[in-house]
Amino acid sequence: AAAEGPLMRQYEGAARGRGVAAAGWRVCLAHRFEEPRQPYGAGDVPLRDVLRHVGLGLRYFRWWFKKTRIEKKSAFIDLLCAIPLQQIYGCPLGGIGGGTITRGWRGEFCRWQLNPGIYNYETVIANQFTVCLRCKGQTIYQQVLSVERPSTLQGWNWGYCGHYAFYHALYPRAWMVYELPGQDVVLTCRQVSPVIPHDYKDSSLPVGVFIWEVENGRDEDVEVSIMFSMQNGMGTKEDRSGGHWNEPFTFEKDGERVAGVLLHHCTRVNPFTLAISAREKAGTGVTHLTAFNPTGLGREVWQDLLQDGRLDSPTGKSSLTEKGEVTAAAVCASCRVPARGHRTLELALAWDMPCVHFGSKEKLHFRRYTRFFGSGGDAAPALSHHALTHYEEWERKIEAWQNPILENSQLPSWYKSALFNELYFMTDGGTIWMEVPPDCCAEDLQGPAGAGLSHLFPFLREYGRFAYLEGQEYRMYNTYDVHFYASFALIMLWPKLQISLQYDIAVTVVNEDVQPRQYLMCGQTAQVKLRNVVPHDIGDPGDEPWQRVNAYLMHDTADWKDLNLKFVLQVYRDYYLTHDSLYLRDMWPVCQAVMESELKFDTDNDGLIENGGFADQTYDAWVVHGASAYCGGLWLAAVCMMCKMADVLGDAEVQQKYTDILRKGKEAFERMLWNGKYYNYDSSGSHTSNSIMSDQCAGQWFLGACGLDQGEFEV
């Protein structure tokens, strides 16, 4: 299960890409396809296997060339241009579905995921925090809080010694501690994003807050200024496309005032506004610089701050950038910290990209936060104000959620870290959370065959539609075979998003896509999506997700054995944890339909499905013949849950049908797979048949999560 996770996929993707670049046509070995036991040339590989791999490599290359070089689009899995692995990333900024901006553990702004499902791996050097210390009217220390020594902005004081800085992360918060050498001043920047369980408003906001705690260990007062500088854009070529501009702003509400600069990034597709700001309060002053050139020396910015610990705060908008020109802005918060005293400065970053197109540009989508802050592209000031005046409430809720686990001495520290820090993928997984358009009707969402899903339309209208990528280099939304594992994060923390996702899958199940296409593994042509079969995914961000599903074209997943079963298992698990009976009643006919589709794989009528002699499940490089521990166990667990759901819904006929299947299937499973110590990988009798598969009891695990692993329900 761990190997199916997004982090592992990201690492594997980098490794695979290097393998392809080195091996050329051996693209089949770079992906997770069936590999021979020994390298080519060892003398025991049948010619047909060599030819099959060559054919696969040629089919992939032809498809890749057409997609990337002719259509000028990104490949859903790009084996030839993999992203190099960089172990630089820290805690991302932002809530769920509004895009993310990731900071590295050295404080840099180094990964941008604002356009849905698309990542830019650019460290923008102008995006920095700078500290200025003044005593008795004189500046005594001014330093960019970065270890970098860049070729631009050389008029700034770079090269902070990393020995005096420390990084900690416990998602969705992070801490950077700077012990300013020789100054007896310690700065702690606490970074907070609104990722709050069971919250469906603030958790959608595209904001991050930086709370700077200043500790003065000196015997005299010190004036402390924190300057936050930001380039207009994401460090890509669009930053130089021209037509971008900045303007200062203030926003006051309920007696709280926030001031800063808006950076309007006016691209043709998916324009957005960045906002850098600080909270004004008694004893804290906020100044700004509307525009400066981040590719120059930057001396005017540095001298402006050095002179008095403030920025000049010019009025009015900046001029539009010319083509080839880049612009940036800065905001500065300042306060006096008494001797041996402590003060706090609060700054924020917000971004407003309310309306987005996916790669096909066919439909305009509205992000979840537009329900609360509007879709006009002018929400950045209000977002900034909301973040700076609500982050304390967010932190209280985050601590109430995390502390019972952190304070549990029975849990190891590595587990606590993994449990929270791996949740970063909830926001940084190319995640989208979209509103249902106001002019949308039930038929638009249900499709021609989805009228039976009576609760779907009001539910999606209330909670929106949610999707996340399989991995940053596996560009498919809601890849269902692996969402099976990750879904616990949703159902336990944001259950409405899991239910929403399940409704989207259910709609896809009952409808079909008859368009033909060639599958790369076998070279055969089949339709994209069959009715009453669970899809592999709900689409590619480079196309039109939800409208065109199954971006994965390595295998025809209509013959996969696990997808249908994982849908049934999640339906009951979701009901068990939410007690949502409307949801269960909507899903019951869909569960019956997918189980009927699955029954055809029980070719000998022994109550146990058989695998088809190819990689026909989530481990899509592993050939499986006959009965198998993984798919067989999932099948029996799904049959068991069908019995339980039928009992809950009073469907005695269906309950009896699946009770009979379960009785036969359990006997066959034990007889064909149990070897006295563990369950064999499959029943084929091949040299790999008695392999120990770590996931052999996945079905039993899911039953245990639903309280069904004892007595009559024990598989």
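**Close-up views of helix packing and local backbone features**

**View 1. Packing of helix α11 against helix α17.** In this predicted model, helix α11 (residues 480-493) and helix α17 (residues 698-705) pack at an angle of about 20 degrees, with their axes 12 Å apart. Helices (H or I, at least four residues) and strands (E, at least two) are DSSP runs, numbered from the N terminus, while axes are lines fitted to C-alpha atoms, for helices over the stretch in contact, with angles running from 0 to 180 degrees between N-to-C directions. The two helices, α11 and α17, are therefore roughly parallel to each other, where angles under 35 degrees count as roughly parallel, over 145 as roughly antiparallel, 65 to 115 as roughly perpendicular and the rest as oblique. The crossing of α11 past α17 is left-handed, a term used if the near helix is turned anticlockwise from the far one by less than a right angle, with clockwise giving right-handed. On the α11 side F484, Y485 and F488 meet W701, F702 and A705 of α17, contact meaning heavy atoms within 4.5 Å. By class, the residues of this contact of α11 with α17 are six nonpolar, no polar and no charged (Ala, Val, Leu, Ile, Met, Phe, Trp, Tyr, Cys and Pro count as nonpolar, Asp, Glu, Lys and Arg as charged, and the others, Gly among them, as polar).

**View 2. Packing of helix α12 against helix α13.** Helix α12 (residues 495-510) and helix α13 (residues 563-578) have axes that come within 11 Å and cross at roughly 150 degrees, which makes α12 roughly antiparallel to α13. The crossing of α12 and α13 is left-handed. Residues P495, Q498, I499, Q502, I505 and A506 of α12 meet F567, Q570, V571, R573, D574 and T578 of α13, and this contact of α12 with α13 has six nonpolar, four polar and two charged residues.

**View 3. Packing of helix α13 against helix α14.** The angle between α13 and helix α14 (residues 581-599) is about 160 degrees, and their axes are 9 Å apart, which makes α13 roughly antiparallel to α14. Here, too, the crossing of α13 and α14 is left-handed. Among the α13 residues that meet α14 are L565, F567, V568 and V571, and among their counterparts in α14 are L584, M587, V590 and V594. The contact of α13 with α14 has 12 nonpolar, four polar and two charged residues.

**View 4. Backbone details in two loops.** A cis peptide bond, with omega of about 10 degrees, joins Y171 and P172, and P172 lies in the loop between β6 (165-170) and β7 (173-180). In the loop between α3 (47-70) and β1 (89-93), K72 has a positive phi of about 60 degrees although it is not a glycine.

**View 5. Confidence along the chain.** The mean pLDDT of the protein chain is 92, and 93% of its residues reach 70 or more, pLDDT being the predictor's confidence in each residue, from 0 to 100. Over residues 1-43 the pLDDT is below 50, and this stretch has 88 contacts in the model beyond near neighbours in sequence.

**Notes to all views.** Residues are numbered from 1 along each chain as its sequence is written, and side-chain values use heavy atoms, with hydrogens and water left out. Because the model is predicted, local features need pLDDT of at least 70 and side-chain atom pairs count only at pLDDT 80 or more, whereas totals for chains, interfaces and linings use all residues.
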